[in-house]
Amino acid sequence: MTKQYTGLPDEADLRRADSLAREIFTDVANKWALLIIEALGERTRRFSELRDEVEGISHKMLTQNLRMLERNGLVVRTVHAVVPPRVDYALTGPGRALRVTIAGLCDWTRTHLGHIEASRRRFDAD
């Protein structure tokens, strides 16, 4: 079971610009974070595997987003004391719960892709 937020109501209000919820939402609702979470799935991955999986992401953007996801408790980073150094990334419980939501968004996109493409063609023709 996912632990629910029990702090001040204002902190959980996405409509408030100064709320913690808005800050978290802004962090995780970017294309790279969503794609990284989807790529991690139920597996542990190395940095290079993630970079290969998330097409178009730069080294810098992957690093920044992994740090942000780790800061928010959605990804755990494990450093192995081997030569050469090995670092693995995996979703935490809350990260896996968020992935379920992201999977729904991916399913929605696939389901409605034809409709969206047709709408764009009509809009761009005007």
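Helix 5 (residues 93-125) has 33 residues, which at 1.5 Å a residue should span 48 Å, and its end C-alpha atoms are 46 Å apart, which agrees. The expected span is taken as 1.5 Å times one less than the number of residues. Helices (H or I, at least four residues) and strands (E, at least two) are DSSP runs, numbered from the N terminus. The model is predicted: local features need pLDDT of at least 70, side-chain atom pairs count only at pLDDT 80 or more, and totals for chains, interfaces and linings use all residues. Residues are numbered from 1 along each chain as its sequence is written, and side-chain values use heavy atoms, with hydrogens and water left out.

Helix 5 also has a kink of about 60°, centred on His112; the bend at a residue is the angle between axes fitted to the seven residues ending there and the seven starting there.

Three strands form an open sheet in the order 1-3-2, with antiparallel pairing. Two strands count as paired if DSSP finds at least two bridges between them. Strand 1 (45-46) and strand 2 (75-80) stand at the edges with a single partner strand each, so one side of each is left without a neighbour in the sheet. Strand 2 pairs with strand 3 (residues 86-91) in the antiparallel sense over 6 bridges. Within this pairing, Arg77 stands opposite Tyr89 of strand 3, and Thr78 has Asp88 as its bridge partner. A hairpin of 5 residues joins strand 2 to strand 3. Pro84 lies in the loop between these two strands, and the peptide bond from Val83 to Pro84 is cis, with omega near -5°.

Helix 2 (residues 31-40) lies across strand 1, strand 2 and strand 3, and runs at about 95° to strand 3. Axes are lines fitted to C-alpha atoms, for helices over the stretch in contact, and angles run from 0 to 180 degrees between N-to-C directions. Contact means heavy atoms within 4.5 Å.

The axes of helix 2 and helix 4 (residues 59-71) come within 10 Å and cross at roughly 75°. The two helices are therefore roughly perpendicular to each other, a term used for angles of 65 to 115 degrees. Trp32, Ala33, Ile36 and Ile37 of helix 2 make this contact with Met61, Leu62, Asn65, Leu66, Met68 and Leu69 of helix 4. The contact residues divide into 9 nonpolar, 1 polar and no charged. Ala, Val, Leu, Ile, Met, Phe, Trp, Tyr, Cys and Pro count as nonpolar, Asp, Glu, Lys and Arg as charged, and the others, Gly among them, as polar.

The axes of helix 2 and helix 5 come within 9 Å and cross at roughly 105°, which makes this pair roughly perpendicular.

Note on methods:
Angles under 35 degrees count as roughly parallel, over 145 as roughly antiparallel, 65 to 115 as roughly perpendicular and the rest as oblique.
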